[in-house]
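Trainee: I would like to learn how to read a metal site. Can you walk me through one?

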Amino acid sequence: MRPSNERVYWKTSEETLPRPELEALQLARLKQTAARVYERVPLYRQKFEQAKVKPNDILSLADLRRLPFTTGADLRESYPTGMLAVPLDETLRLHTSSGTTGKPKALFFSAKDVDNAAELIARSFVATGMNRGDIFQNMMTYGLFTGALVAHYGAEKIGCLVIPAGPGNSERQLLLMQDFRSTSIHLTPSFALYFADVLEKRGINPRKDLSLKRAFVGAEPYTEETRRKIEQGLGVRVFNSYGLSEMNGPGVAFECQAQNGMHLWEDYFLMEIINPETGEVLPVGEPGELVLTTLLREAMPILRYRTRDITAIREEPCSCGRTHRRIERITGRADDMLIVRGVNIYPQQIERVLMSIPKLGRNYLIQLDGLDEMTVKVELSEAGFDGELEHVVALQKEIASLLKAEILTTPRIDLVPPGTLPISEGKAKRVIDNRKL
Ligand code: AMP
Ligand code: ZN
């Protein structure tokens, strides 16, 4: 038995810092960051000049609003090294963001940045109850993507045995899980749903046959309904994990055991919510686009980064005692919004409906063709459905009317046998938009 050293917090004083002290720390770090990029990154010097602002103008946290935004396009245009604030030989690691369009974004880490990223994920994991003695099977993609590596070093910091399984190969995953009694896993929601199917097919009862306690699930948006499906299918508690490569990868915001939103680690990041169309900063509690500023980054500090992710800030205190405020589950990306027959639709709205119908399986695909014709392809569940024509038609009708109530348009419903839609090990591609081709 590995020694277990139950911690409630990873670093108590950092996580429970009283708000006034936390805010004073944020201000000091913001000033340093602004001065650093102004001195060292020509793109920021230019942006500051355009905005007619100098680092010395920052006197309070409210002055953050005077600073310029940074966008994904800025990062792409300064690829490969244009945003570096240190000489290249002071960097230790390179990641790229899994961008879908054009040039990738290159993200550099100094030694301190690598360590800070591991600190934040260690802090996040401990907040869910993971501790020394837990066995961590990391089912995210290793490589240029931040997801696996950052989590890997965080779990090692805690003192867990780390199994760098990577995604895919369900047979081997299962073998490792059984033989080494993995207690904690880290994977995307789409792979988690697929893996739940695999267990079901093998007749494995995860609560009896496996030692899993918790799954860290993130890297793409998913709904509460999907969380419940994963929890049932894998016999775990699912903790929502939010991050993006531009801000280290995982460990930006994480659910604690109270599971009422994700604590965003405010000693490391400043958060704002803006109206994605106008850029106006919105009052706390209102949903909008999350904007993040790094406070401790050395190699590549980023000011007011427009994440495109839609969420809202929660500021009521959390029962866990952490003083860092929380964000709500990401409801989608501003870029994911589909306009179908004049109606704005987020794929998450469709997912929520599909995952709440027991007769349906865990995989689906949204396809758009021609003049706004929408087809929702969804797998039937292995156990729950006999496939008789009469029942299929009734089920199609039920789904169409539930979807109509949610998205105000009636898509075609294509019910397919379990295991027939493409599976994804990493981030799933849920929408095929043939209209743009
Ligand atoms: P990447 O830079 O490749 O790690 O992708 C980061 C993006 O993945 C974020 O900007 C979000 O759009 C998405 N993402 C990551 N974690 C979550 C999560 N827990 N819920 C919803 N979306 C997420
Ligand atoms: Zn909490």
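Mentor: Start with the sequence pattern. This is a predicted model. Along the chain, the donors of the zinc ion (ligand 2) are spaced C-x6-H-x54-C-x1-C.

Trainee: Which parts does the pair cysteine 256 and cysteine 318 tie together?

Mentor: Look at where each one sits. Cysteine 256 is in the loop between β8 (249-255) and β9 (262-264). Cysteine 318 is in the loop between β13 (313-314) and β14 (326-327). The pair therefore links parts that lie 62 residues apart in sequence.

Trainee: Which atoms are the protein donors of the zinc ion (ligand 2)?

Mentor: They are Cys256 (SG), His263 (NE2), Cys318 (SG) and Cys320 (SG). Their distances from the zinc ion run from 2.1 to 2.3 Å.

Trainee: What arrangement do the four donor atoms make around the zinc ion (ligand 2)?

Mentor: Begin with the ideal. Four tetrahedral donors have ideal angles of 109.5 degrees. Here the angles are 103 to 117°, so the arrangement is tetrahedral.

Trainee: Is cysteine 256 buried or exposed? And cysteine 318?

Mentor: Use the cut-off: buried means under 20% relative accessible area. Cysteine 256 has 0%, so cysteine 256 is buried. Cysteine 318 has 8%, so cysteine 318 is buried too.

Trainee: Now a residue in a strand. Where is isoleucine 274?

Mentor: Isoleucine 274 belongs to strand β10 (residues 269-274). Its relative accessibility is 0%, so isoleucine 274 is buried.

Trainee: Which residues does isoleucine 274 touch, leaving out those up to four places away in sequence?

Mentor: Among them are Phe69, Leu282, Val291 and Arg306. Isoleucine 274 and isoleucine 310 are 36 residues apart in sequence, with 9.4 Å from C-alpha to C-alpha.

Definitions and conventions
Residues numbered from 1 in each chain as written. Chains lettered and ligands numbered in written order. Predicted model: local features only at pLDDT ≥ 70, side-chain atom pairs only at ≥ 80, totals over all residues. Heavy atoms only, no water. Donors = N, O, S within 2.8 Å, 3.2 Å for Na, K, Ca; no water. Tetrahedral: all angles 85-135°; square planar, octahedral: opposite > 155°, others 65-115°. Helix = DSSP H or I, 4+ residues; strand = E, 2+ residues; numbered from the N terminus. Buried < 20%, exposed > 50% of the residue type's maximum accessible area, 1.4 Å probe, protein only. Contact = heavy atoms within 4.5 Å.
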